[in-house]
Amino acid sequence: MTDNVQSVGLPDERPPANTVGPIAWLRSNLFNSWYNAILTILVLALLVSAIPPFVGWLLVNAHGFDSTSTVCRQDAGGACWGFIGEKLRFIMFGMFPWDEQWRPLLTICVFIALLVASCDRRFWKPWFGLVWAAGLTLVAILMWGGVFGLTYVENTLWGGLPLTIILSVIGLAVAFPVSILLALGRRSDMPAVKVLCVTYIELIRGVPLISLLFMASVMLPLFLPNGVSVDKLLRAQIAFIMFAAAYMAEAIRGGLQAIPKGQYEAADGLGLSYWQKMRKIILPQALAIAIPPLVNTFISFFKDTSLVIIIGLYDLLGTAKAALSDPSWRGFYREAYLFIGVIYWIFCFSMSKYSQKLERDLNRGHRR
Amino acid sequence: MSQAMSQGTKPKHTLSGEEIIRCTGVNKWYGEFHVLKNINLNVQKGERIVVCGPSGSGKSTMIRCLNRLEEHQKGTIVIDGIELTNNLKNIELVRREVGMVFQHFNLFPHLTVLENCTLAPIWVRKMPKAEAEERAMSYLTRVRIAEQARKYPGQLSGGQQQRVAIARSLCMSPKVMLFDEPTSALDPEMVKEVLDVMIGLAEDGMTMLCVTHEMGFAKSVADRVIFMDRGEIVEQDTPDEFFSNPKSDRTRLFLSQILNH
């Protein structure tokens with residue numbers, strides 16, 4: 001019997017040297033088989049050949065923000081950040097009157113403040129809707145003006161980053177509740193509601209966004225009576241909302257279908273009405289499940305706002321292209337696209353990171 | 001009056017004689033399949049009824065019809081004076097008065113135990129939050145789980161979850177409690193803690209309909225045992241009569257199968 005009892009007090013030993021440490025990590029992650037070893041070496045060679053020239057172009061041989069196009073053209077070995085230096089305000093704010101450009105700048109700040117505050121779950125209360133309403137009113141005043149001594153600025157002059165943010169934030173904010181209704185409608189017991197929602201979703205999902213934008217800008221005015229005109233920006237905004245709502249509705253439907261039948265029955269059994277059941281029981285769970293596909297939609301729609309260029313609106317991509325059409329700066333497209341690419345990336349990456357944090361927070365505690 | 005009464009058997013405790021559930025000629029079909037056949041069932045206030053029968057006999061479907069989780073296609077069901085029809089208002093009224101405990105608990109995983117219990121009183125009964133929480137804590141104490149009130153359901157064992165589910169129903173002060181195989185999904189060592197809570201409820205005079213295979217519970221608590229098979233009520237009697245002197249062959253077969261293993 002006692003032979004089976006381990007003697008107590010054995011000292012802790014270090015694991016074998018070939019299973020821990022950097023060498024072991026390299027071996028198990030990069031050189032664990034002959035084809036991975038080849039891949040590792042190939043990738044290393046690629047990085048070595050690509051990174052130094054890129055860094056050289058980006059920084060070492062680059063011309064600073066105050067350089068002129070003449071200097072850049074004489075020595076074309078590096079990036080010409082003088083382009084960004086000179087065109088920054090045009091790219092960011094489009095054709096907004098030069099002396100008034102603090103207004104779109106403030107607009108961007110208001111939006112970022114609203115978005116950052118909305119990320120905090122403590123603000124997820126009904127009264128926060130009023131904060132948003134106040135913020136959007138402020139944005140409207142800043143952009144349009146015409147009151148409080150601000151000069152009136154037509155929205156055809158809006159452009160750059162504020163336009164991108166307005167189109168995507170307002171678009172997604174309006175489309176989100178609509179998409180919830182569409183998703184609920186698609187699962188409704190009422191045949192008329194269901195058919196209506198399914199038809200809408202399938203119709204909108206079946207056409208490209210570009211064609212919807214064209215329809216909004218070219219075809220819609222044909223159907224309107226003479227003298228009635230709907231603002232071009234508003235038409236684009238509506239087209240976005242319609243399109244985003246259809247896509248988000250399907251993401252939410254996925255979440256709804258993942259909720260077990262027992263949750264509906266328990267809510268029904270307690271006497272909750274349909275809307276109470278949805279609001280308190282089903283949607284909180286369904287939306288949490290739908291976060292990854294929803295954020296996917298958010299990110300792709302943020303970028304898709306750049307399609308408004310085809311109907312003559314100048315969003316961030318539009319103003320960058322317009323800046324390139326200046327004869328003295330023609331050809332500096334690498335700098336232009338890299339610059340706006342970084343801006344897009346910052347927004348999309350923040351959304352992605354936030355959604356991961358939100359998923360973790362919502363899952364904490366109530367999952368075993 | 002119910003068959004049990006007409007046969008002259010006496011309930012274990014005095015009943016008011018006041019009727020709270022009356023099912024008359026209830027029929028239900030799933031497509032072509034006839035799941036409930038001409039169900040007639042009257043229940044008095046304070047009566048404790050155990051429904052048993054082989055799986056697929058329609059016992060769950062029957063009690064789920066009583067709060068309209070399932071719709072019946074023929075016959076009438078009247079609960080506490082309200083007839084269950086397509087009228088949504090009536091359905092919601094009945095559901096407030098009829099608590100239901102499910103086999104798989106069906107707690108709301110995104111809410112804490114306490115929030116699970118206060119949700120319906122606050123939103124359906126429009127009770128102030130403080131009062132709802134106070135009542136919830138008293139019921140949670142009664143099912144001996146008050147110390148877990150701030151946890152999420154996923155952090156509790158099956159038996160604990162089922163006790164929370166019972167407390168959640170009780171918070172609505174229901175007049176009738178329906179139990180749909182409340183111990184079937186539990187690990188064996190947790191069955192007793194749930195049955196103890198149910199026995200306590202029965203002693204307090206709650207009207208209960210319980211679909212269960214716990215024959216010990218039926219013997220000690222039930223006023224009446226209903227045996228269902230193939231969608232019909234085959235036999236109903238006091239537990240003493242039912243277990244010692246079953247009338248039909250189907251009942252005898254069922255009892256021999258569940259008692260001799």
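The residues lining the second largest cavity divide into 6 nonpolar, 2 polar and no charged, where Ala, Val, Leu, Ile, Met, Phe, Trp, Tyr, Cys and Pro count as nonpolar, Asp, Glu, Lys and Arg as charged, and the others, Gly among them, as polar. This is a predicted model, in which local features need pLDDT of at least 70, side-chain atom pairs count only at pLDDT 80 or more, and totals for chains, interfaces and linings use all residues. Residues are numbered from 1 along each chain as its sequence is written, chains are lettered from A in the order in which they are written, and side-chain values use heavy atoms, with hydrogens and water left out.

The lining of this second cavity consists of A:Leu167, A:Ser168, A:Gly171, A:Leu172, A:Phe240, A:Ile241, A:Ala244 and A:Phe301. Two elements of chain A, α7 (160-186) and α10, each give two or more residues to that lining, and α7(A) gives the most, with 4 residues. Helices (H or I, at least four residues) and strands (E, at least two) are DSSP runs, numbered from the N terminus. The volume is about 30 Å³.

The structure holds 3 cavities of 30 Å³ or more. A cavity is a set of points, on a 1 Å grid over the protein atoms alone, where a 1.4 Å probe fits but cannot get out, and lining residues have an atom within 4 Å of a point. The largest cavity contains about 70 Å³ of space. Its lining has 13 residues, and A:Gly269, A:Leu270, B:Gly99, B:Met100 and B:Ser169 are the closest to its centre. Both chains contribute elements with two or more residues: α11 (261-269) of chain A, and α3 (88-97), β6 (98-101) and α6 of chain B. Of these, β6(B) gives the most, with 3 residues.

Next come the nonpolar cores, sets of buried Ala, Val, Leu, Ile, Met, Phe, Trp, Tyr and Cys residues joined through side-chain atoms within 4.5 Å; buried means under 20% relative accessible area, by a 1.4 Å probe with protein chains only. The largest core has 128 residues, of which A:Phe83, A:Leu256, B:Ile21, B:Met62, B:Leu66 and B:Leu209 touch the most other members. Helix α10 (residues 232-257) of chain A supplies the largest share, 14 residues. Contacts of B:Leu209 (heavy atoms within 4.5 Å), not counting residues up to four places away in sequence, include B:Ile21, B:Leu66 and B:Phe179. A second, separate core of 46 residues includes B:Phe179, B:Met206, B:Met208 and B:Ala218.

Notes: Buried < 20%, exposed > 50% of the residue type's maximum accessible area, 1.4 Å probe, protein only. 1 Å grid on protein atoms, 1.4 Å probe; cavity = no way out; pocket = protein on both sides within 12 Å on 5 of 7 lines; lining within 4 Å. Points joined across faces, edges and corners; volume = space filled by probe spheres on them.
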